[in-house]
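Below is a short report on a two-chain model. Keep the sequence and the structure open beside the text.

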Amino acid sequence: MQNEKKVKALVVTGFGINCEEEMAAAYRLAGAEAVILHLNEIFEERDSIHRYDILNFPGGFSFGDDIGSARVLANKFKFKKMRSGKRFIDDIREFLSAGKYIMGVCNGFQALVKMGLLPNTGGGFEQEVTLTHNDSGKFEDRWVRCLIAPENPTPFLSDPGMHSIDLPVRHGEGKLVIRDENVKAAILEKKLNVMTYADAQDRPSPRYPDNPNGSELDCAGLCDPSGQVFGLMPHPEAYLSLYNHPGWPKKKRECPDISEEGEGLSVFRNIVGKAGSAQK
Amino acid sequence: MNDNFCVPDSLYDPVRNPDGKQKLAKLVRMNEALFDMATFFNIPMTSGKDSMKNDFKKGDIRISVPPTILYSMVAKIDDVRRTVTSDFKKPGDIIYMTGNTYNELGASECYALFGITGANVPRVRKEDAMRVYRKMMAAGERSLIESAHDISDGGLAVALTECAFGGNTGCDINIPVTEIGPLAELFSESHSRFVITVRPENADTAEKIFGNDCRKLGEVTSEDRIRIRIGDETLIDRDISLLHAAWRDALRT
């Protein structure tokens with residue numbers, strides 16, 4: 001239908017980001033229009049983030065993880081002046097003021113944290129936490145169980161039927177370290193610790209291997225106080241089909257009518273639904 | 001199909017490499033085997049990588065790697081739903097072995113535990129292998145196979161245990177006494193065999209397809225236990241979780 005406006009998701013790429021195709025596929029499956037754009041296109045102002053409803057920072061190894069995962073990318077986002085002289089971070093501030101949404105996965109989450117968009121308890125885009133080397137001392141590349149906080153403030157996880165979800169992680173620096181007790185208290189008070197690593201009984205778990213990195217608060221994902229910004233270390237865009245899950249044959253055997261949709265897709269359905277209803 | 005050789009320096013030298021001719025002969029035999037199998041199964045090797053000088057030398061000491069071939073195969077399956085994983089799926093499923101076990105404990109993991117090599121190393125009976133593979137395909141096309149795992153290092157007992165790891169299940173196995181003896185039944189590394197499971201309601205159909213190329217071994221249980229009986233004697237009765245810890249942590253200590 002011509003008058004039905006599709007939600008538009010922008011997926012950025014470049015500088016070593018490498019999960020943009022999956023991220024775009026996730027949005028398309030969730031009913032949105034997805035555009036993959038090199039960041040330079042935005043910095044050169046050949047396109048603008050304001051033409052889109054959801055801005056996405058996918059995973060990857062931006063700038064080869066030099067200095068620290070996503071450190072260089074985060075600094076670029078913070079200090080880069082676009083062609084007109086306007087700073088990119090101010091563009092992001094305006095984007096959020098317009099009530100739009102930002103998501104970062106893995107390297108994208110690390111960027112959001114290091115540029116101060118998450119958890120942003122102080123509201124000033126100041127870095128309050130970091131994501132650093134896993135306690136295991138190695139790259140963790142496997143599936144983990146995640147718990148979704150009930151009554152969480154982000155529309156990305158608004159599906160009331162969503163309690164827990166299996167997702168793959170693939171990172172060397174996913175351990176959340178919180179700057180001080182004040183920030184920790186604010187995260188808890190504002191319910192920003194929206195996704196935690198869990199054990200087989202669906203209890204938040206600080207123990208390896210349930211918790212793949214030793215994150216404080218068992219944190220796998222954070223949102224900001226508005227709920228508009230959401231970031232997580234696991235990859236929901238890598239679980240779009242039931243058949244992405246290593247245990248699918250058993251799941252299907254136990255439940256022959258199981259949906260062929262991957263549980264990770266629900267995150268994208270949630271936000272596309274929310275952005276769509278906001279347009280009307 | 002892709003092959004990787006990793007072999008020691010095979011250039012004969014009376015002083016520096018006195019067994020060079022034998023090493024070269026091993027490489028030739030390896031290549032002959034590759035030729036035989038590739039032409040018989042009609043699967044071309046699309047690429048390869050040779051590493052031909054795998055020797056450590058210091059002073060008078062020379063250590064050569066055992067001649068090794070790493071052989072990788074990738075095949076396309078049109079529908080992901082038709083793929084089969086190795087873990088047991090559900091208690092009550094019937095466990096079969098497809099293919100045949102011979103008294104081929106030579107160079108097995110079992111013998112290695114006792115520090116011996118033995119003589120009767122496994123050999124590939126390629127016509128038999130092809131027949132079993134075709135039957136596996138036929139059963140797979142009719143979605144009769146719930147799990148399938150190749151029997152390789154460690155033999156049947158190890159393969160059964162690995163299937164149980166994947167599924168948080170156990171198994172009860174009953175094998176009759178045979179002329180090759182229990183050690184060979186459980187640990188022989190004869191080629192071209194699989195452990196498969198089939199739903200009870202599909203057992204007849206599967207048995208018809210495989211005929212003499214399958215043997216019923218027992219069934220999947222919900223216990224954390226692997227029990228293997230041969231004749232009247234229980235030979236293995238262990239907690240799966242214990243075996244899993246040993247298997248998983250082998251490289252950790």
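## The sheet of chain B

Chain B holds an open sheet of seven strands, with mixed pairing and the order E7-E9-E6-E10-E8-E11-E12. Its edges are strand E7 (147-150) and E12 of chain B, and each of these pairs on one side only. From one strand to the next, the twist averages 20 degrees. The model is predicted.

Strand E8 (residues 170-175) of chain B pairs with E10(B) in the antiparallel sense, over four bridges. Within this pair, Gly170(B) has Thr221(B) of E10(B) as its bridge partner. Helix H7 (residues 240-248) of chain B packs on the sheet. H7 touches E8, E11 and E12 of chain B, and its direction makes about 70 degrees with that of E12(B).

## The hairpin at E11 and E12 of chain B

Strand E11 (residues 225-230) of chain B and strand E12 (residues 233-239) of chain B run antiparallel, joined by six bridges. Arg225(B) stands opposite Asp239(B) in E12(B). Two residues lie between the strands of this hairpin. There, Gly231(B) takes a positive phi near 65 degrees.

## Val220 of chain B

Strand E10 (residues 214-221) of chain B contains Val220(B).

Val220(B) and Phe88(B) lie 132 residues apart in sequence, yet their C-alpha atoms are 7.0 Å apart in space. Leaving out residues up to four places away in sequence, Val220(B) touches Phe88(B), Lys90(B), Pro91(B), Gly92(B), Asp93(B) and Ile95(B), along with Thr169(B), Cys171(B) and Thr197(B).

## Two packed helices in chain B

Helix H3 (residues 126-141) of chain B packs against helix H6 (residues 203-210) of chain B. The angle is about 150 degrees, and the axes are 9 Å apart. H3(B) is therefore roughly antiparallel to H6(B), since angles over 145 degrees count as such. The crossing of H3(B) past H6(B) is right-handed.

Which residues of H3(B) and H6(B) meet? From H3(B) come Lys135(B), Ala138(B) and Ala139(B). From H6(B) come Ala206(B), Ile209(B) and Phe210(B). By class, the contact of H3(B) with H6(B) has five nonpolar residues, no polar ones and one charged.

## Chain B as a whole

Chain B has seven helices and twelve strands. Its C-alpha atoms fill a box of roughly 65 × 40 × 35 Å along the principal axes. Of its 253 residues, 27% count as buried. Among contacts in chain B with a separation of 6 or more, 79% are between residues 24 or more positions apart.

## The sheet of chain A

Chain A has an open sheet of nine strands in the order E2-E1-E3-E4-E11-E10-E9-E6-E7, and the pairing is mixed. Strand E2 (33-38) and strand E7 (164-171) of chain A are the edge strands, each pairing on one side only. Neighbouring strands of this sheet are turned by 25 degrees against each other on average, direction ignored.

Strand E6 (residues 140-148) of chain A pairs with strand E9 (residues 195-197) of chain A. The sense is antiparallel, with three bridges. Cys146(A) has Tyr197(A) in E9(A) as its bridge partner.

## Strand E11 of chain A

Strand E11 (residues 229-232) of chain A is covered on both faces. Val229(A) and Gly231(A) on one side are buried, and so are Phe230(A) and Leu232(A) on the other.

Strand E4 (residues 101-105) of chain A pairs with E11(A) in the parallel sense over four bridges. Strand E10 (residues 219-223) of chain A pairs with E11(A) in the antiparallel sense over three bridges. Gly231(A) in E11(A) stands opposite Gly104(A) and also opposite Leu222(A). The hairpin of E10(A) and E11(A) has five residues between the strands, and Gly227(A) takes a positive phi near 80 degrees there.

## Where the chains meet

How many residues does each chain bring to the contact? Chain A gives four residues and chain B gives seven residues. On the side of chain A that touches chain B, two residues are nonpolar, none are polar and two are charged.

How values were computed: Residues are numbered from 1 along each chain as its sequence is written. Chains are lettered from A and ligands numbered from 1 in the order in which they are written. This is a predicted model: local features need pLDDT of at least 70, side-chain atom pairs count only at pLDDT 80 or more; totals for chains, interfaces and linings use all residues. Two residues are in contact if their C-beta atoms, placed from the backbone, lie within 7 Å. Ala, Val, Leu, Ile, Met, Phe, Trp, Tyr, Cys and Pro count as nonpolar, Asp, Glu, Lys and Arg as charged, and the others, Gly among them, as polar. Two strands pair if DSSP finds at least two bridges between them. Axes are lines fitted to C-alpha atoms, for helices over the stretch in contact, and angles run from 0 to 180 degrees between N-to-C directions. Angles under 35 degrees count as roughly parallel, over 145 as roughly antiparallel, 65 to 115 as roughly perpendicular and the rest as oblique. A crossing is left-handed if the near helix is turned anticlockwise from the far one by less than a right angle, and right-handed if clockwise. A residue is buried if 20 or more other C-beta atoms lie within 10 Å of its own, exposed if 12 or fewer, and partly exposed in between; C-beta atoms are placed from the backbone.
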